[in-house]
Amino acid sequence: TDTGPPRRVRRRNPAAESWARRTFASSSSSRLFVEMDEVSLNAEPVGDDEAEELEIEGDSAMTGLVGQTSVIQGENPMPPAVGMEFESYEDVYYFYSCYAKEHGFGVRVSNTWYRKSKERYRGKLSCSSAGFKKKSEANRPRPETRTGCPAMIKFRLMDNTRWRIIEVELEHNHLISPTSGKFFKSHKVMGVGTKRPLELEGPEEVETVKLFQTVIIDAEGGKLAADDGDLRKNPDLSNKMKLRKGDAQAALDFFCQMQLMDPNFFYVADLNERGYLRNLFWAATRSRVAYRYFGDVVAIDTTFFGQEFDILLVSFIGVNHHGQPVLLGCGLLAGETFESYVWLLRAWLTCILGHPPQTIISDQCKALQAAIFDVFPRASHCIDLTKVMRRISERLEITYQYEAIKAAVYRAVCLSQRAEEFEAAWMDIIHEHGLEDHQWFQSLYEERNRWVPVYLKETFLAGMFTIQQNEDATSFFKGYIGNCTSLKEFLDKYDQAMQRSHQLEALADLDSRNSSCMLNSRCNYELQLSKLYTGYIFMKFQKEVEGMYSCFSTRQVNVDGLVTTYTVQEHVELEDGRREARDFEVLFNGSEMEVFCACGLFNLRGYLCRHALHVLSQNRVEEVPPQYVLSRWRKDIKRGYVLDQRSAGIDIDNPVHRHEHLHKCILQVMDEARKSQDRSK
């Protein structure tokens with residue numbers, strides 16, 4: 001309660017709108033959000049009831065109602081200026097608070113002017129060091145902390161719709177430090193919500209859903225500020241998702257339905273400093289469990305869709321034991337920015353309990369590549385070879401030497417066994433076709449160690465790195481989205497795509513278990529792996545077994561301790577149909593049963609090549625060593641898509657992980673307690 005003259009009057013108004021919602025996350029049937037409490041600067045009239053206007057001075061509820069939970073995370077690099085306009089009084093306060101936090105000073109509401117109708121029409125926000133405290137007669141008065149600082153902004157309501165800044169003073173008469181900004185009360189917001197499970201009935205569900213609905217609907221098309229302009233023309237303003245009519249309700253319905261059907265459905269929403277929806281990420285339970293089986297190599301696929309290609313879909317895709325693409329999570333971003341990608345990758349990392357993949361494959365987007373290096377510094381990062389070759393074709397279509405250059409690039413990329421061979425072949429292409437000044441080709445060459453197979457022989461790629469466009473394993477929603485697909489239509493088709501993926505995997509599982517594989521030779525390796533590999537992988541392996549017979553010469557060229565080096569000759573069919581004899585170097589360690597071929601097929605595809613098999617056969621090894629029969633390709637392993645989160649996988653420093661673990665424990669207690677009244681007590 002304030003002391004002093006009655007002109008300082010303050011009261012809570014329960015009808016005031018909640019605002020500044022910053023984060024909304026969900027996992028294990030729960031919601032995690034931070035929200036500022038409902039606040040109001042309305043006050044009881046002071047003085048004559050017939051007065052036309054009213055001025056309230058001093059600290060208000062805006063600065064008084066602060067908690068110890070969450071710090072404002074907004075960011076406003078631009079200083080306040082005369083002429084800036086805002087949707088509401090609270091937006092002005094939030095903007096100035098973010099600016100103050102970044103520069104290291106606190107904010108107080110110095111004055112608020114009201115009309116007779118109690119409607120606010122003018123305000124003044126000042127530095128927290130403005131003015132001086134009144135002299136106190138206490139025995140131990142608190143020391144003076146204010147300096148009479150002049151820094152402030154004044155703003156007023158224009159035409160009853162928008163608030164405009166009319167006066168600004170940026171200079172302070174005291175030292176300020178950006179590092180101390182987070183310690184001021186005005187930069188903290190009240191956390192009235194706590195993370196709790198989504199119940200099927202009860203007030204918690206209504207409140208939680210209402211909060212989420214408010215956030216989404218606020219971002220719908222038609223709600224843009226008058227000075228926002230075209231987001232595509234002004235990239236600085238493209239920090240909110242461009243939604244159309246019906247998209248918001250569709251998103252709400254989609255997440256509510258997924259939560260009810262899938263208890264471990266995980267999703268996170270990112271809001272900008274004004275509460276608009278900016279980024280989304282979600283993953284179903286099946287996707288989260290699939291990551292445990294097939295998360296060693298992950299491709300990040302980006303696709304724009306919508307009538308103006310203004311919705312960016314980012315999919316995390318693995319490949320299952322049948323060589324089929326499997327979705328490991330996906331998100332929607334407002335734009336291709338480094339910050340958006342970092343947010344998305346960190347959200348996905350939280351979803352997969354902090355266990356990053358071995359290898360990540362992406363396109364050539366610079367912002368995405370930088371974000372991958374930032375979030376996954378230890379993972380091997382490759383550029384999708386299929387998309388590189390596709391872009392080479394697109395870039396060369398305007399040249400009259402298109403076919404000749406394309407064939408030469410294909411030979412250099414696919415037939416080079418050593419880095420020196422590729423570099424020499426690439427330089428020949430550049431000089432022969434006059435591409436010395438082609439900047440894109442130059443940048444492509446500088447990144448060669450991330451997309452040319454000869455540089456990736458020690459990187460495991462699980463068959464997801466291919467030059468054949470019809471074998472593109474990094475596209476999950478192909479055929480489900482296009483330039484006319486709205487967000488609402490995509491969310492409807494998301495379930496169709498997931499169901500089709502599940503059905504294809506189930507059919508392939510059934511076929512692999514029940515059908516007997518046709519053997520094409522008497523080779524014991526073929527018989528051995530026909531009992532272990534799924535049908536799709538076994539057919540691929542059969543081609544290598546058949547290829548053993550095209551290896552017509554094997555020479556021992558070196559012995560270094562336990563390791564013997566062989567040269568295997570093979571007739572290789574070129575792109576134009578000609579056959580050429582090529583040498584492949586194979587290293588074999590008989591004591592450890594280790595074999596390595598310079599062609600690098602094992603890391604590229606996940607099974608041994610014909611050259612390695614030929615050397616094993618020459619050394620009378622009857623079966624493929626077990627370390628070369630990967631469990632990810634086996635049909636005799638039962639894969640249950642049930643999320644089993646044990647405490648060993650919980651990061652105790654991550655509140656989402658702690659909540660998931662505790663929520664699971666509480667559900668077990670509830671399940672036991674419901675059996676009887678005595679159990680319940």
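The side chains of Arg448 and Glu423 form a salt bridge at 3.6 Å, N to O (a salt bridge being a side-chain nitrogen of Lys or Arg within 4 Å of a carboxyl oxygen of Asp or Glu). Arg448 sits in the loop between helix 11 and helix 12, while Glu423 belongs to helix 10, so this pair ties together parts that are 25 residues apart in sequence. Helices here are DSSP runs of H or I with at least four residues, strands are E runs of at least two, and both are numbered from the N terminus. Arg448 is partly exposed at 21% relative accessible area, and Glu423 is partly exposed at 26%; buried means under 20%, exposed over 50% and partly exposed in between, with a 1.4 Å probe and protein chains only. Arg448 also lies over the face of Tyr445, at 4.1 Å from the ring centre (a charge sits over a ring if NZ of Lys or CZ of Arg is within 6 Å of the ring centre and within 35 degrees of the ring normal).

This is a predicted model, in which local features need pLDDT of at least 70 and side-chain atom pairs count only at pLDDT 80 or more, while totals for chains, interfaces and linings use all residues. Residues are numbered from 1 along each chain as its sequence is written, and side-chain values use heavy atoms, with hydrogens and water left out.

The structure holds 23 salt bridges. One of them joins Glu447 and Lys366 at 3.0 Å, N to O, linking the loop between helix 11 and helix 12 (487–514) to helix 7 (residues 366–375), 81 residues apart. Glu447 is buried at 12%, whereas Lys366 is exposed at 56%.

Arg610 forms a salt bridge with Glu544, with the closest N and O atoms 3.1 Å apart. Arg610 is buried at 18%, and Glu544 is buried at 11%. Elsewhere, Glu85, Glu87, Arg162 and Arg164 are linked in a network of salt bridges.

## Aromatic pairs

A search of the whole structure finds 35 aromatic pairs. Rings of Phe, Tyr and Trp (its six-membered ring) pair if their centres lie within 6.5 Å; planes under 30 degrees apart count as stacked, over 60 as edge-to-face and the rest as tilted. Phe155 and Trp163 make an edge-to-face pair, 5.8 Å centre to centre with 65° between the planes. Phe155 is buried at 0%, and Trp163 is buried at 6%.

Trp426 and Phe441 form a tilted pair, 5.7 Å centre to centre with 35° between the planes. Trp426 lies in helix 10 (residues 419–432) and Phe441 in helix 11 (residues 439–446), so the pair ties together parts 15 residues apart in sequence. Both Trp426 and Phe441 are buried. One aromatic cluster includes Phe254, Phe265, Trp282 and Tyr494.

## A hairpin and a buried threonine

Strand 6 (residues 107–115) has 8 of its 9 residues buried. It runs antiparallel to strand 7 (residues 120–127), joined by 7 bridges; strands pair if DSSP finds at least two bridges between them. The two strands form a hairpin with 4 residues between them, and Lys118 in the turn has a positive phi of about 70°. Arg122 lies over the face of Trp113, at 5.0 Å from the ring centre.

Thr534 is found in the loop between helix 13 (524–530) and helix 14 (535–547), and Thr534 is buried at 0% relative accessible area. Its contacts (heavy atoms within 4.5 Å), not counting residues up to four places away in sequence, include His321, Ser512 and Trp633.
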